[in-house]
Amino acid sequence: MGVVIAEHVRKIYRAGETEVEALRGVSFEIAAASFVSFVGPSGSGKTTLLNLIGCLDTPSAGRLTVCGTDVSTLGRSAGAGFRGQEIGFIFQDFNLLPVLTVYENVEYPLLMVRKTPEAQRRERVLRLLDAVGMLEQKDKYPDQISGGQKQRVAVARALVTEPKLVLADEPTANLDHATAALVIALMKRMRDQFRTTFVFSTHDPRIVGEAEIIHTLEDGELTGSTSQGGANG
Amino acid sequence: MGKIIKIAVRNLLRYKRRTLLTATLVTLGVVFVLVFTSIAGSFKQMMIGQITDSMLGQIQVHRHGYVAAIENLPLNMNLKPQAYGRLEEIIRQQPEVAAYSPRIKFGGMFSNFAETTNIRLNGVDPAREFATVPLLPGRITSGAKALDRGGILIPELLAKGMNVKVGDTVVIVATNQSGSVNGKQFKVSGVLESATGPGGRDGYVHIDDAAELLRMEQPEISEVAIKLKDFGRLHRVEKRLGAALSAELNPMGKPLFELHTWEKLSPFFSIAKMLTLLTLFIKVMLIAIVLVSIMNVMVMAVYERVREIGTIAAIGTPPATIRAMFLVEGLCLGLFGAIAGNVIGTVIVLIVNASRISFEFGRQSGLILKAQVSPPDLVAVSAIVVVVSILASLQPAFKASRMEPIKALRHV
């Protein structure tokens, strides 16, 4: 069974009497431990789709199942609980908390969301920081590290709770090409190491090819899916 | 909770200048309230002490109806020996009573053999009177700090006006209950400093001399002044003693006694009430300062950190935890202001005391202000600041916890 199953998912935004259909009945399935990219021009519905998968928003119609749960009707608290348990997020602007060190940023979901015991927390955070190559920078604050390093910390933060699914909305948009390639490679390596499903959106043609499965969105419709045959296991 | 506190403190330190300004404002408010409360409270207590311990007593018991006619000092409303005996018995049963003093109050004519004027006198048992109003001996500015039979303590204004000195012989002429006039010679044994309030310009003679002058076979008591072991238990004793006295009825079935605390006998009580009201007003001002300043900071904090709130909400932080983060931030700010304010306020009060500031109260001068910071005041002011800080943070905290992560993440 897929980690994400979308069946005729629609999303309509209303502003006064104006209706904008951001997603027009998309259907797809994402298998466990796959490395999937949604591509398409700005306004094609990539971010909307990732928000729906990430339970940050609810579909207007259709059925969306994430990690075995129908997320179409999750409330605010239930949604927060579900995200904390099942999903990791990587943001375009890294979104590290500026008052926390690198170590504390990665520790945050375990401490404030999962309430993991100290010893277990420490072991996992150090392991993740080591895996993303940020162990030596663990006591630095976000404003003391580079953009690429910030995104590596964000990857570690997304993975520290051992989620089944990691969502990354334009994770390389604010990085130069070399750093972007490194971050994508890191995400792939993490997928291989932790068997986590990675779903990211991008409109950067330089990294599109890094995905193993590419879904193309145009005007809210899924216009094509390509498998590039990468190893996902 | 430790982590939430750590994050809250770091977020406060992130905007150092703003945090410092707000904390300073709260600190100043606390300092002002503390210093005002200490000085006004101490002034009030000192004045109450001056009034009750130098002439009035803390509680007075009279025959029912006496106080309404007290300006005339009606001898026909004195307590007969039997009633006074019953009253004494009841007072002695009160464990909180430290001392009590029976008085015969009467008006008379004061003559230095050349001039004559009016005088209000208290016939007292000196030992019991000095125990009940212990500041009375301190008011004797010249002469012995005692009152023997045949002696009279006269108020200083009378002494000056009539040109009478300690050791001089004077005559007191008084009308007794049946209307006959009697006179008696006294030797001026001391001159009393005037005190503000009822009875502050009265003279004193020995109770046996008063009874003799008024031709009483046995002293008939106008009032009994009472001093308590603990002034803080005034109202408890008032209630208990009042209940015991109200059970005593005259032959017509009406109450025999009436009891009044100093509050009902001295006009200073209105001033004391005003001081209490002013203190309350100052505390309300403090609440307003803390509420506005902390709410302002927390609203700004939420507005500036919308994307951060979106991030932590997106990664699964429960709304209650987000709420707690902002509440603790406001609480830390208030707590810092309260602690700093308490420390600075206490130091200022100590400096005020070390300066030995003196003031006048009525005709009493050279009273040294001894401001005291009481632990209950420290706790009360701190509690106000802490509670108001939390209240001020509630709206911003709820706003933060209710933010849609998707909208918050889009915020620019």
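Which residue in S4(A) is the bridge partner of Glu7(A)? Please keep that question in mind while I say how to read this model, and then we will come back to it.

What you see above is a predicted model, in which local features need pLDDT of at least 70 and side-chain atom pairs count only at pLDDT 80 or more, while totals for chains, interfaces and linings use all residues. Residues are numbered from 1 along each chain as its sequence is written, chains are lettered from A and ligands numbered from 1 in the order in which they are written, and side-chain values use heavy atoms, with hydrogens and water left out.

Two strands are said to pair if DSSP finds at least two bridges between them. Four strands form an open sheet here, in the order S2-S1-S4-S5, and the pairing is antiparallel. S2 and S5 (69-70) stand at the edges with a single partner strand each, so one side of each is left without a neighbour in the sheet.

Strand S1(A), residues 4-15, pairs with S2(A), residues 18-30, over 10 bridges, and Lys11(A) stands opposite Leu23(A) in S2(A). These two strands form a hairpin with 2 residues between them, and Gly16(A) in the turn has a positive phi of about 65°. S1(A) also pairs with S4(A), residues 61-66, in the antiparallel sense over 5 bridges, with Val4(A) standing opposite Val66(A).

Now to the opening question: the partner of Glu7(A) in S4(A) is Arg63(A). The side chains of Arg63(A) and Glu7(A) also meet in a salt bridge, at 3.7 Å from N to O, where the term means a side-chain nitrogen of Lys or Arg within 4 Å of a carboxyl oxygen of Asp or Glu. This pair links distant parts of the chain, since Arg63(A) and Glu7(A) are 56 residues apart. Over all chains, the count by this rule comes to 43 salt bridges.

Let us move on to the place where the two chains meet. The contact (heavy atoms within 4.5 Å) takes 28 residues from chain B and 28 residues from chain A. Between them the chains bury about 2300 Å², 61% of it on carbon and sulfur atoms, where buried area is the accessible area, taken with a 1.4 Å probe, that two parts lose on being put together, summed over both. In chain B, Lys3(B), Arg10(B) and Ile315(B) lose the most area to chain A, together 27% of what that side buries.

How many salt bridges does the rule find across the interface of chain B and chain A? It finds 6, and in one of the salt bridges Glu104(A) is joined to Arg10(B), with the closest N and O atoms 2.5 Å apart. On the side of chain B that touches chain A, helices H1 (2-14), H10 (306-314), H11 (319-354) and H13 (405-410) each supply at least two residues, and H1(B) gives the most, with 7 residues.
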